[in-house]
Amino acid sequence: MFEMESKTYVVKSNREIAEGIVSLKLAPEDGEQIAYTPGQFMLLTLPSETKRAYSIASSPGSEHLEFAIKLVDGEFTSRVPGLKEGDRLIVEGPLGPFIYETCEEYVLIAGGIGITPMISILRDRDGKSECQKAILFYSARRKEGLAFFDELRELDLRNENIRTVFTLSREEPPGWEHETGHLDGEMLKKHLSSPEKKRYFVCGPARMVDAFRKLLLEDLNVPQENCTFEGWNV
Ligand SMILES: Cc1cc2nc3c(=O)[nH]c(=O)nc-3n(C[C@H](O)[C@H](O)[C@H](O)COP(=O)(O)OP(=O)(O)OC[C@H]3O[C@@H](n4cnc5c(N)ncnc54)[C@H](O)[C@@H]3O)c2cc1C
């Protein structure tokens, strides 16, 4: 477990990576990254002093600290598009119990912007040959809303132990070779053998996370200790 730190970071890039979602890449002003574990989050403070929690999308060892932020026109996110290279933010962390263990078969369930801790975990697994297997279920309303779509497909293609299942709830674009419809128990059962025996990480809008809490704990009888849930009001 890493100690919580507070440091000034500088904006390196700020660009839209999916519909209404930007990737913000930051570098520490003093050159020393804050250490973290995939799945954790940081508190970001803007020059206006607005502070919010954001999961880390990058993985340890990457050059920049990356966040993927859904623009909802709130106090923090309305200021994000205006951040330019060289602007300074305060980063505090790492925080959060959303830490994954190694060497087991795990299921990552992401709704919308809930992909951020999952991409950190999968980037960290890329190229590692341990016994660990991961399957990601990732849902969005439309294809344009799937952040990191191409990167996730490539992670799946080049890693025997990583599988991705994408689903769109509001459209089926021409040539779409993945799932459509809501991410639910039926979809889990279609892609998983013995779903009650897996280790689950679920992240996304609070309402979706609550539905999965009921599904996994009550309907599929997954033990509580095999489930980690993180729901955000976005
Ligand atoms: C542990 C943790 C990790 C998180 N990780 C991420 C992440 O990786 N990416 C991410 O995008 N978010 C993440 N969040 C959510 C994030 O912390 C903010 O809550 C979110 O970005 C909204 O902040 P805001 O200041 O813009 O909205 P606020 O001003 O705080 O408003 C709160 C909510 O009100 C609504 N709202 C406010 N203003 C408007 C408006 N004008 N029009 C419509 N709706 C409005 C929005 O739905 C908004 O979510 C995380 C939250 C937690 C607790």
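The model is a predicted one, so local features are taken only at pLDDT of at least 70 and side-chain atom pairs only at pLDDT 80 or more, while totals for chains, interfaces and linings use all residues. Residues are numbered from 1 along each chain as its sequence is written, and side-chain values use heavy atoms, with hydrogens and water left out.

The chain splits into domain 1 (5-95) and domain 2 (105-232), with bounds that come from an automatic or database domain assignment. Taken over C-alpha atoms, the centres of domain 1 and domain 2 sit 24 Å apart. Each side brings 16 residues to the contact, where contact means heavy atoms within 4.5 Å. The size of an interface is often given as the accessible area lost when the parts come together. Here, domain 1 and domain 2 bury about 1,300 Å² between them, and carbon and sulfur atoms give 58% of that; buried area is the accessible area (1.4 Å probe) that two parts lose on being put together, summed over both. On the domain 1 side, Glu19, Ser55 and Ala57 supply 32% of the area buried against domain 2, more than any other three residues.

What holds charges together across this boundary? There are 2 salt bridges between domain 1 and domain 2, a salt bridge being a side-chain nitrogen of Lys or Arg within 4 Å of a carboxyl oxygen of Asp or Glu. The interface also has 5 residue pairs in polar contact, both residues at pLDDT 80 or more. A polar contact is a pair of N or O atoms within 3.5 Å; within protein, one must be able to donate a hydrogen and the other to accept it, and residues adjacent in sequence count only if both atoms are side-chain atoms. E5 has the largest share, with 4 residues. Strands (E, at least two residues) and helices (H or I, at least four) are DSSP runs, numbered from the N terminus.

Turning to the strands, an open sheet is built from 6 of them in the order E10-E9-E8-E7-E11-E12, with parallel pairing. Two strands pair if DSSP finds at least two bridges between them. Strand E10 (179-180) and strand E12 (227-232) are the edges, each pairing on one side only. Strand E11 (residues 199-205) runs parallel to E12 and is joined to it by 6 bridges, with Gly204 opposite Gly231 in E12.

E3 and strand E4 (residues 51-55), by contrast, pair in the antiparallel sense over 5 bridges, and Met42 stands opposite Tyr54 in E4. Their hairpin has 5 residues between the strands. Glu49, in the loop between E3 and E4, has a phi near 80 degrees, a positive value in a residue other than glycine.

The whole structure holds 16 salt bridges. In one of them, Arg88 meets Glu29, with the closest N and O atoms 2.4 Å apart. This pair links distant parts of the chain, 59 residues apart: Arg88 is in strand E6 (residues 88-95), and Glu29 is in the loop between strand E2 (21-28) and strand E3 (41-45). Strand E6 also contains Pro94, which is joined to Gly93 by a cis peptide bond with omega about 0 degrees. Most residues other than glycine have a negative phi, and most peptide bonds are trans.
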